[in-house]
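The following exercises are to be worked with the sequence and the model at hand. Each task is followed by a solution in steps.

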Amino acid sequence: YFVFRALKEGNVDVLTGTKVLRFTRDGAVCESPHGEVVLKGYDMAILAIGSKSNNPLKAELEGKVNSLHVIGDAEKPRRIVDAVEESARLAIAL
């Protein structure tokens, strides 16, 4: 939630459920749930298109170390606050 607050304070436009159809010289043409959206005056776009866990190290270390803990997005993708809480709980438990 603090990330969204910082984005809002920085006047960053966040468009959810929106697909980029094509980039233009100064923006993009997008398709949103409400129809086509033309974005102009932008020189940068950040795409968040989902995530998938990728943890090949777990298989390499299993059975070779006394204690193995996989946390955060290495375990499963989710919100950053969930990963931070998970790491704090593990640190306390250890």
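**Exercise 1. Identify the residues of the nonpolar surface patch and the elements that contribute to it.**

Step 1. The nonpolar patch on the surface is formed by F2, V3, I80 and V84, which together have about 350 Å² of accessible area. The model is a predicted one, in which local features need pLDDT of at least 70 and side-chain atom pairs count only at pLDDT 80 or more, while totals for chains, interfaces and linings use all residues. Residues are numbered from 1 along each chain as its sequence is written, and side-chain values use heavy atoms, with hydrogens and water left out.

Step 2. Two or more residues of the nonpolar patch come from each of α1 (2-9) and α3 (80-93). Helices (H or I, at least four residues) and strands (E, at least two) are DSSP runs, numbered from the N terminus.

Step 3. Apply the patch criteria: residues have over 30% relative accessible area and no salt bridge, with like charges joined within 9 Å and nonpolar side chains (Val, Leu, Ile, Met, Phe, Trp, Tyr) within 5 Å. Accessible areas come from the Shrake-Rupley method with a 1.4 Å probe, and for residues only the protein chains shown count as cover.

Step 4. F2 lies in helix α1. F2 has a relative accessible area of 43% and is therefore partly exposed; buried means under 20%, exposed over 50%, and partly exposed in between (1.4 Å probe, protein chains only).

**Exercise 2. Locate the three salt bridges and classify the accessibility of R78, E86, D82, R79, E85 and R89.**

Step 1. Side chains of opposite charge can pair when their charged atoms come close. A salt bridge requires a side-chain nitrogen of Lys or Arg within 4 Å of a carboxyl oxygen of Asp or Glu. The structure holds three such bridges.

Step 2. R78 and E86 form a salt bridge through their side chains at 2.7 Å, N to O. R78, at 27% relative accessible area, is partly exposed, and E86 is partly exposed at 22%.

Step 3. The side chains of D82 and R79 meet at 3.2 Å, N to O, in a salt bridge. D82 is partly exposed at 24% relative accessibility, as is R79 at 41%.

Step 4. In the salt bridge between E85 and R89, the N to O distance is 2.6 Å. These two residues, E85 and R89, are four residues apart in helix α3 and therefore separated by about one helical turn. E85 is partly exposed, with a relative accessible area of 39%, whereas R89 is exposed at 57%.

**Exercise 3. Describe the pairing of strand β2 with β1 and with β3, and determine whether S32 is buried or exposed.**

Step 1. Two strands pair if DSSP finds at least two bridges between them. Strand β1 (residues 19-24) is joined to β2 by five bridges, and the two run antiparallel. A hairpin of two residues connects β1 to β2, and R22 stands opposite V29 in β2.

Step 2. β2 is joined to strand β3 (residues 35-40) by six bridges, again antiparallel. Two residues lie between β2 and β3 in their hairpin, and C30 has V37 in β3 as its bridge partner.

Step 3. Because five of the six residues of β2 (residues 27-32) are buried, the strand is largely enclosed by the rest of the structure.

Step 4. S32, found in strand β2, is buried at 14% relative accessibility. Leaving aside residues up to four places away in sequence, S32 is in contact (heavy atoms within 4.5 Å) with G17, T18 and V37.
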